[in-house]
Amino acid sequence: MKSKKLSRSGLLLAITIVLFLLMYVSGMLIFSDKGFAKPQMFLNLFISNAGLIVIGCGLTLVMITGGIDISVGSVTALICTVSAFMMENMGLSAVSALIASLFIGLLFGVVQGYLVSYLEIQPFIITLAGMFFARGMTAVVSTEMISIKNELFLKWAKTKIILPFGYTNKKGVYIEAYIYPTVVIALLTLVLIALMLKYTRFGRALYAIGGNAQSAVMMGLNVRRDKFKAYALDGFLTGLGGFLFCLNSCAGFVEQAKGLEMDAISAAVIGGTLLTGGVGGVVGTLFGVLIKGTIASLITTQGTLSSWWVRIALSALLCFFIVLQAVIGSVGSKKNRAKLV
Amino acid sequence: MSQPVILTMKQISKAFPGVQALNQVDFCLRQGEIHALMGENGAGKSTLIKVLTGVYQMDQGAVWLEDRPVQIRSPQEALSLGISTVYQEVNLCPNLTVAENLYLGREPVKHGRIDWKESIRRAGALLNKLSIAVSPSAMLDECSLALQQMIAIARAVDMNCKILILDEPTSSLDDEEVAQLFALMRQLKQAGVGMIFVTHFLEQVYEISDRITVLRNGERVGEYDTSALPRLQLVAKMMGKDFNDLAVIQAAPKGQVDSTSPPVIEARGLGHSGTIKPFDLTIHKGEVVGLTGLLGSGRSETVRTIYGADRPDQGSLKVNGRPVKISQPLDAMKLGMAYLPEDRKKEGIIPELSVRENIILALQAKRGLFHLMSRKEMEEAADRYIELLQIKTPSRETPVKSLSGGNQQKVIIGRWLLTNPDYLILDEPTRGIDIGTKTEIQKLVLELAGQGKAITFISSEIEEMLRTCSRMAVLRDGAMVGELAGDQLTQAQIMQTIAGGKTVQEDK
Amino acid sequence: MKQKRFSWQRLVHARLFMPLVCLAVVLLANVIRTPDFFKISLNNGVLYGYLIDIINRSSELVILAVGMTLATAASGGQDISVGAVMAVSAAICCQILSGGEVSVTSLAAPIILAALAGVVAAALCGAFNGFLVAKLHIQPMVATLILYTAGRGIAQLVTRGQITYVRVDAYKVLGGYIGNCPIPTPVFVALIVVIIMAIILKKTALGLYLESVGNNGKASRLVGLNSALICFMAYVLCSILAGIAGLVASSRIYSADANNIGLNLEMDAILAVALGGNNLGGGSFNLTGSIIGAYTIQALTTTLYAMKVSADQLPVYKAIVIVIIVMLQSPIFRSLIAGMKHKRTVTVNEK
């Protein structure tokens, strides 16, 4: 009597993990001479995608409720540019930039969340408007690229946390593996969100809303409030993720993080979160992010392919998983129907 | 009745633009009674319930729980006051487990986190107490509709509800499931829960309810002890007039079956794997053939296969003696078929489009993309069927969604009559609509058969089928198991055929 | 008094009321700012003036808005890949014309052939979108998000990351002028698209089919409509129109700039549809409204440019406008407003 739906989403997650391993191992075999097999290469996946992991977590929350947020990429650009502007052009501290980032994220979350949950406007339209708004605001803040040279900020960004393992390079020198603080924050956030989804009433309410919002109302849940909270939290996480992204890029400009929303949505979908809501989780999203990172590393390591291929490959993969979801979903419902008869 | 009154609603009024939905309605419910709320569509039953559950705010009136006046502003508030509702369409979450559905929003929490073990344990105990046979860790969408309904009731019971509203809970259940539900209701009655039972099924009212309140046109007609109100009088009170139409129908001659020309429909071994096993079915001109069986026995699936809504994957079909291949509904329509689907809202009406567009849609689709009907032609067609079927609509340009259920159904019937079909499939045309319209539809079926059309009629109400059908095919578990005609067409015989096989199967 | 209010309400609720008012407001604002706004002059045999400029520049948007209206009606969602599809179509067309060179002054292939190839490529994009939406029932915006992000990448690949220039007069006609005609060609292209679409809607049942399918796909299938095919066709049509718009845009700058052709136009097109009084949730639609909406948006864009707002910053204003429109469309917001009005009348009555 083990649940079919669970195993369905479990199946999707399993496919994702296997795919990730397959891609990574084949990368190690093909590009072993280019350092793909080194442990640091693996850790770099986390380092360069720390922001995306956090943003992906936020997006997963709203996707579980059956919603979506495509403003995350532009909001990230806005956060980076505002942070850079505050530190470089206004001479403010890194702490105030962090606070501003979280505030901007939260503000977007709150406004979009209000419009989506209390006025019941399609989340796509609202966050599409949010996406254009944020991108435009970035240009209002600064049309020039601003590099960040703030000391504290760079210290946050580049303090190496040495791990108790490493590898020996060709010259026989032992090199320790390391990560940046951003990775710790990202993984901590991931664990917290995962626990929240599993062990709090709010977390379960999100699943209920995604499963059948009307039922959730009838069962006494405050659906509007919970949905609103999901978007607000998503906004906050975008703020945090955006700042982590900024720590990684150390710059702000208008065209930054273009298509990040696509990366985040792909990561969630590839990780087994259903576009229709009600099923999914952030652990899957992590693997989705790792797959995206692996594709990017493979294409960069290969060297001759244009960077556009990353986006195209990821789109193709997203497409594949969407089709997979549709197929697995329809097989499931067919089974159910057969059983009814 | 010596039981104390637990709910009093006094002088409740509620108006919507253009309609006085409730006009000074009184209602009272005692502890441990099952109180049937009866009335035709538009009588105000659902409005009254929505006022009680906080979905609507009343314009005037007062509500007392026991002797305490209360204000109910939202469904949540109703729940916290001990008023729970179980709807026809189950309001649970299919993507969660049974236990989660039972405790959603009030999960047992230990050390600040949900205690899943405790949740499963409690759910098991609760389901056991109410004799509901399902595992707490099963996914809800794996449970039958009846089970889901009972789980919804279990949830209400566990939330200490004192008043349980059952809004058409039995519409999609078969007899056995209804019996299970009633057993559960009796158990709750013993526990002192007051229940408001809304249904269209008269038999069920007489089987289970203690008292009946009848509403008509937003006003209360009266409150009666069930045992003191004969069935015919109940119907009369609901209709507000002497009720002779049923008698008229009973006397009406059934269609003249023309068995000389080749049958309109002749299915041989037609089937759709997964939904309906191969079946044979022959229907002649002027014949009304009923399909009966329990819910989920394959009644709808049979006609869907003939019509091409589900593409048949085996067997053959002859229409008017000629072998045909139907792969989509349009093919069937071109062969003179028409299909009124079971689910009016989801598969019948196009809600935003006008009555006119809804009526001409099938004919237009049949003519094709490049042969647009002229505006005048459309209007004439719409007006003709609005008049013929007495569709109550402000104008032919009114969006069909703002019509009542019965009138929507008439629009769809009009849509198909306009295509002048030889073979008409009516799948539950009378479900969820008022008795007056039900009778009209039954009369219409006989009239159409009289004109020489072949008709397949499906209904959950056997009496209705007995009145209209000249022959009935019986289905069970996705297979056609027998045909009855002539003297065999009695309620007892049909019941036996529907149920009969069960013992045979168990023997296997 | 009562009668007057009644007719006033009917006017307000007329379908074209909103779009026309919006257009009037934008034009009025312009006239106040620049008194010679409506002035049209003839210079070198070519018409000049703000108005001409707006009408000329909105051509692509009008074409997109027509397609977007159909896709919205049939699926209840929007196609956000139209801008990227424009780039793909332009890239294919220019690449064929240039024969793979970065910049050419003579054609490597007939224009008709290249244009056709561009439109066919666009149609393929539409088929991809349509397949995801109609067959796999993916939410339209997620489905089209794929091409929204990947489309420009594909266009980049086609042009090998370069901006392909076709410096041939014959190619400039589509975005410029035909012979000595004083009116810019794009205006005619938009007009032809609109006229063809109007004829199709008038003479065939396509409009009814789209509305029916967008409203209730399951029911439509049972009355003999091929819901999936109709929805699919709407997306193909939407992309074909985007392809045509892409050719016009490319001809204006006689090049294929994969990064900038049709940039942010998807937003404008959605805005035009919403401004035209169409429900973004699908079902019934109003093409005239969308077209008026498109001109309004372009008028707004031109106005903002005139107010020295940079192209990068434009989306801020448009985003605000679209949020306001969807709020006004939201039944809940309306009932909130109505509730406030109602309360006010109640208090008046009590007095």
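Start in chain B, at the end of a strand. B:Asp427 stands opposite B:Ile458, which belongs to β20(B). Keep in mind that this is a predicted model.

B:Asp427 brings us to strand β19 of chain B, residues 423–427. β19(B) pairs with β20(B) in the parallel sense, over five bridges. There is also strand β15 of chain B, residues 288–292. β15(B) runs parallel to β20(B) too, joined by four bridges. One pair to look at there: B:Gly290 has B:Phe457 as its bridge partner.

Now β20(B) itself, residues 454–458. Is it buried or exposed? Five of its five residues are buried, so the strand is largely enclosed by the rest of the structure. In a regular strand, side chains alternate between the two faces of the sheet. Here, B:Ala454, B:Thr456 and B:Ile458 point one way. B:Ile455 and B:Phe457 point the other way. Both sets are buried.

On to chain C. It is divided into domain 1, 50–308, and domain 2, 314–351. Their centres, over C-alpha atoms, are 33 Å apart. The contact takes 10 residues from domain 1 and nine from domain 2. On the domain 1 side, α13(C) gives the most, with five residues. That side divides into six nonpolar, three polar and one charged.

Last, chain C against chain A. Here 36 residues of chain C contact 34 of chain A. On the chain C side, α7, α15 and α16 each give two or more residues.

Conventions. Residues numbered from 1 in each chain as written. Chains lettered and ligands numbered in written order. Predicted model: local features only at pLDDT ≥ 70, side-chain atom pairs only at ≥ 80, totals over all residues. Contact = placed C-beta atoms within 7 Å. Buried ≥ 20, exposed ≤ 12 C-beta atoms within 10 Å, placed from the backbone. Pairing = 2+ DSSP bridges. Domains from an automatic or database assignment. Nonpolar A, V, L, I, M, F, W, Y, C, P; charged D, E, K, R; others polar.
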